[in-house]
Amino acid sequence: MYNITLIPGDGIGPEICEAACVAIEATGVKINWEIANAGADFIETDGTPLPQKVINSIKKNKIALKGPVTTPIGTGFRSVNVALRKNLNLYANLRPAKTIPGIKSRYDNIDLIIVRENTEDLYAGIERQIDENTAESIKIITREASERIVKYAFDYAVNENRKKVTAVTKANICKLTDGLFLDAAKNIAKKYPQIEYEEILIDNMCMQLVQQPENYDVLVLPNLYGDIISDLAAGLIGGLGVAPGANIGEDAAIFEAVHGSSPTLKGLNKANPTALILSAVLMLKHIGENQTAQMLQQAVENVIREGKAKTFDLGGKSSTMEMAEAIAEEIKQLKTCFLS
Ligand code: NAD
């Protein structure tokens, strides 16, 4: 039995979490979910959008599955998501973007791994209003965090049989900050002669990913570029509804979709739960349940490829729960070959 923290989040979070749990439960893996609530709705009762009990639960269980949490734009409290990653030192944000047959997209051969630094850069949130018409934000890049994330990317490449790591920066303009990230990347790359290493500027990277995504493999980026490129990569594979993610540190890990709380879909039972279910696949792999992870992944792929269920973003009419139930049903069929 695994004890795992479940953060339903807000917006579409609770409904996709409920759906993901249905699919996960069908695999037979025994999980005791410890519910931990975060977000604006809890400010009144807990005095903060990120109650300490949420952090304590993740520290205790070491693993969490998380729905998205809304961050007010422009004003209001700082991001619960960023705070969680910083607080628990979840320094690596892993965001795979892989073509799933059956999803309509301009591309049929995407297989990218985005490794985003998760603790610093402009997300440090050090901003100041200088006067009414001027504001500044400080971009922090350290050698320690840069080397750590690049090492993570290369180790991932070695362990997962990947061929190439591409470091993405804007070091021609941000000479000191991105220059430092790039210098760290070069140093680490020397230790992995078996993996091809290359560098590219972020603006060119955007164009290359739209024109020739098949030329890329593992991308390693500072925080902000990594966040933006992961939404771009989600677009290449059919949208945010199918893009999973993981936030990984030495002592804990949180698994969550790339997408946000999508307020316009809240409560409609329409949102695609696939991204969160595929995040659960990453979670199961992380805890060593490799066969179960493979079975869940296969079930998702079969359901989409065979058109057994598709939410609106994939061109279908299925509800959130119908999608999850179709995946759970598929698992029943797969269990006989996976577990025999
Ligand atoms: P979003 O990801 O919520 O939505 C972007 C677009 O993708 C919308 O059109 C939305 O309807 C669609 N979409 C997203 N998830 C979908 C799904 N599962 N199925 C079908 N369509 C889906 O991004 P946003 O609108 O920029 O952000 C909304 C809020 O979410 C903001 O407050 C933002 O700060 C927050 N956010 C949270 C996280 C997180 O919790 N990790 C991540 C990103 C954004």
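This report walks through the ligand site, the nonpolar core and a few loop residues of a predicted model.

## Ground rules

Since the model is predicted, local features need pLDDT of at least 70 and side-chain atom pairs count only at pLDDT 80 or more, while totals for chains, interfaces and linings use all residues. Numbering starts from 1 along each chain as its sequence is written, and side-chain values use heavy atoms, with hydrogens and water left out.

## Around the ligand

The ligand has 22 residues around it, and Val 69, Thr 71, Gly 260, Ser 262 and Asn 272 come nearest (a residue is near if one of its heavy atoms lies within 4 Å). Sorted by class, that shell holds nine nonpolar, nine polar and four charged residues. Here Ala, Val, Leu, Ile, Met, Phe, Trp, Tyr, Cys and Pro count as nonpolar, Asp, Glu, Lys and Arg as charged, and the others, Gly among them, as polar.

Now for some polar atoms. A backbone N or O atom of Val 69 sits 2.9 Å from a ligand oxygen atom, and a polar side-chain atom of Ser 262 is 2.8 Å from an oxygen atom of the ligand. His 259 has a side-chain N or O atom 3.3 Å from a ligand nitrogen atom. The protein covers 69% of the 810 Å² of accessible area that the ligand has on its own (Shrake-Rupley method, 1.4 Å probe).

## The nonpolar core

The largest nonpolar core has 91 residues, and Val 115, Leu 219, Val 220, Leu 296 and Ile 327 touch the most other members. Such a core is a set of buried Ala, Val, Leu, Ile, Met, Phe, Trp, Tyr and Cys residues joined through side-chain atoms within 4.5 Å. Helix H9 (residues 274-286) gives the most to this core, with eight residues; helices (H or I, at least four residues) and strands (E, at least two) are DSSP runs numbered from the N terminus.

Domain 1 (1-99 + 243-340) and domain 2 (106-112 + 122-236) both give residues to the core, so it lies between them. Those bounds come from an automatic or database domain assignment.

## Loop residues

Most residues other than glycine have a negative phi. Lys 62, however, has a positive phi near 75°, and Ser 262 has a positive one of about 40°. Lys 62 lies in the loop between helix H3 (52-61) and strand S3 (63-66), and Ser 262 in the loop between strand S12 (253-256) and H9. Lys 62 is partly exposed, at 44% relative accessible area, and Ser 262 is partly exposed at 24% (buried is under 20%, exposed over 50%, partly exposed in between; 1.4 Å probe, protein chains only).

Thr 119 lies in the loop between strand S5 (111-117) and strand S6 (121-131), and is buried at 12%. Its side chain makes a polar contact with the side chain of Glu 117 (2.6 Å). A polar contact is a pair of N or O atoms within 3.5 Å; within protein, one must be able to donate a hydrogen and the other to accept it, and residues adjacent in sequence count only if both atoms are side-chain atoms.
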